[in-house]
Amino acid sequence: MDFPASRASLLLAIALCITRVPSSAQTWKPPVALKTLPNGLKVVVSEDHSAPTFGICVSYGIGFRLEPEGRTGFAHLFEHMMFEGTPKAPKGTLDKVIEGGGGNNNGDTRYDFTEYIETAPVSALDPILWIEADRMKTLDFAPANLENQRKVVEEEVRVNVLNRPYGLFFAIDLPGKAFDTYPNAHNFYGEFKDLDAARIEDVEKFYNQYYSPNNAVLAIVGDVSATEVFAKVEKYFGPVPARAAPPRANVEEKPQTSERRSVQTDKLANLPALAVGYRTPPRRSHDAVVAAVAGELLHNGQASRLYQSLVKEKQKAVSVDGGLNWPLGNPFEYNGPTLLVSFVVAPENTQEDALLAAYDDAIADLARRGPDNAELDRIKAKMRSDWYDQLEVPIQRASTLSHAVLFDGNADRVGSIPDEIAAVTADDIRKFAATFLVKTDRTIIWRVPAPKQGDRK
Amino acid sequence: MIRKYGTAAAALILSWAGLAADRQPLPKDLPPYGPIKQLAAPHVTIVKLDNGLTVWLVPEAGFPKVAVTLAVRGGYTADPKDRPGFADLIAATVTQGTRNRSAKQVAEDLEAVGGDLSGNSMPDSILIETSALSSKADTALQILADVMQQATFSDQEVAIAKSNLSSALQANEADPSFLGCRSHRQRALRRHVRVAAGQQYP
């Protein structure tokens, strides 16, 4: 096919955003100021005066991993309860205050944190700080609110899991089979029997255990001064009393000893798909950074090994996704066992063995020869660039900073991740692939379309 | 993925709650909003090249990345009537190799500058977008210029793109939101339905 010649004359416009950073600049770190209040609340501020707005993230040190046994999905259900009002700010007030100030808000639950995020013009800073402090003091624990949100969450599960092709099997079922302990293996979206069993007493207990200032980090990024923010946070959050430190369950896993494989049928999907999950080294080890780089070498973009090999050269896949801690976070934001995941969608009638053989060739090549220096330099540049992307928008930078402080007590790592990536060698990658990307450390799910009505048996 | 407003039902319930709240006064000790601070509009320098290409330059200090969007008039509403999906196929293949670089080299050269490149067909334009570390902006622009002037649309790359777009469409045929949007558009717009394009409607 030829590119129609007429289109060349239709070039309309190029929009360029060029920074004034010197061309030699290779590293960039966001400005960070950190303070801890007497009640234990950690406050992190990063000034960014590019627009008269700010992003705020309040992260609590509780996620799927620590939700009680028999209460799968509870951390997320609880997240919804944080939007149901308080004695001082009844239901609806929060949205009215934030949206009335020109902002918007949301919440996210992940394995190791639950975060509440807003972005707004700086004129709304005081009311938003007030409303976040208010829901850190107490909630409206009315049983009707729980009933209401239980239905909302169950509908969310129907829409995102039960009635959606693939049903997030690469995010829910894969860790379920790869891990052996409840914290890491259970269905984080929640079994209906557990969601139904949740009582308002559970909500109140969970709040008192985990939603204390000493188990939270507040991050603000935007057109503010750190001094001004610290003073305001002291004013609004200072009176929130500290509570007993939450219990920390043991979330470690015993080593895996053999490959785990299963086959699922999917009544909605039209194309077969493969999910592979490898156990990975512990967070904050050098090997964990190597795992992150290996994950990106295999999955990041069209230059990646799996895309080039499976989609382009062998044409055995339609799409390839994955990486360390994928899909519920980036390769650096987790605080317990996680997997290096591949999710591959294949053309109709693909056989599992043929696809897996092609996949294994790509893994074996990485373990045998590792990347050459040019390939390693390329992925390091891409990962640095991607990390900067994560820090560009104030609300995302606030989220990233708050998780770092939650996990490590300070935000230093946010600035030093590009340096950690730069320290990885080709030999590190080769050894990592040979040691960790092995069959005995992996779990595979092959998901095939169920025969449709009208198909011949 | 786990969002408070995960479903239409959730949004609806919350909007009812909002209506109820409209009748309530705000909490008495809620501090007032501060004064509105004006946004300084970005300064745009417009340059026109001899060949007619218009270039907008928007400096953004303090962040070490550069983003480039090149818009070409004529998007998927300009698809020939008997060839729906044509603009999507152009967008999917224009980045897949030039007279100077194979598709793999395009991807690798961009990766080396921390960049990416994508083609997207819109209703009235095709957008080719790239971003890179600002210290490597020159290379990103060179690759973009190469792609826009020397794209080869090789038989092999077009065949792969056709096959993958078809498979993506097949996968989307199982997606309720895709089916709902398509059905709505077929009834609401009638004249030009983007059926074979294989993309989610925005």
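A residue is counted as buried here if 20 or more other C-beta atoms lie within 10 Å of its own, with C-beta atoms placed from the backbone. The legends below describe a predicted model.

**Figure 1. Burial of helix α3 in chain B.** Helix α3 (residues 103-112) of chain B is mostly covered, with seven of its ten residues buried. These buried residues are A103(B), V106(B), A107(B), D109(B), L110(B), E111(B) and A112(B). The elements covering them include α14 (373-392) of chain A. From chain B, the cover includes the strands β4 (116-121) and β5 (125-133) and the helices α4 (137-150) and α5 (155-172). Just after α3(B), G114(B) adopts a positive phi of about 70°.

**Figure 2. Overall make-up of chain B.** Read from the N terminus, the order of elements in chain B is α-β-β-β-α-α-β-β-α-α-α. Chain B has 202 residues, of which 35% count as buried. Among contacts in chain B between residues at least 6 apart in sequence, those joining residues at least 24 apart make up 65%.

**Figure 3. Packing of helices α2 and α5 in chain A.** Helix α2 (residues 74-81) of chain A packs with helix α5 (residues 143-162) of chain A at an angle of about 125°, and their axes are 9 Å apart. Because of this angle, α2(A) is oblique to α5(A). The two helices, α2(A) and α5(A), cross in the right-handed sense. On the α2(A) side, the contact is made by H76(A), L77(A), H80(A) and M81(A). These residues meet N145(A), L146(A), Q149(A), R150(A), V152(A) and V153(A) in α5(A). By class, five nonpolar, four polar and one charged residues take part in the contact of α2(A) with α5(A).

**Figure 4. The five-stranded open sheet of chain A.** The strands of this chain A sheet are arranged in the order β8-β12-β9-β11-β10, and their pairing is mixed. At the edges stand β8 (260-266) and β10 (319-324) of chain A, each with a single partner strand, so one side of each has no neighbour in the sheet. From one strand to the next, the twist averages 10°.

Figure 5. Strands β9 (residues 273-279) and β11 (residues 339-345) of chain A pair in the antiparallel sense over seven bridges. R279(A) has L339(A), in β11(A), as its bridge partner. Helix α13 (residues 352-369) of chain A lies across β9, β11 and β12 (442-449) of chain A. The helix α13 runs at about 45° to β9(A).

How values were computed
Residues numbered from 1 in each chain as written. Chains lettered and ligands numbered in written order. Predicted model: local features only at pLDDT ≥ 70, side-chain atom pairs only at ≥ 80, totals over all residues. Axes fitted to C-alpha atoms, helices over the stretch in contact; angles between N-to-C directions. Helix = DSSP H or I, 4+ residues; strand = E, 2+ residues; numbered from the N terminus. Parallel < 35°, antiparallel > 145°, perpendicular 65-115°, else oblique. Left-handed = near helix turned anticlockwise from the far one by under 90°. Contact = placed C-beta atoms within 7 Å. Nonpolar A, V, L, I, M, F, W, Y, C, P; charged D, E, K, R; others polar. Buried ≥ 20, exposed ≤ 12 C-beta atoms within 10 Å, placed from the backbone. Pairing = 2+ DSSP bridges.
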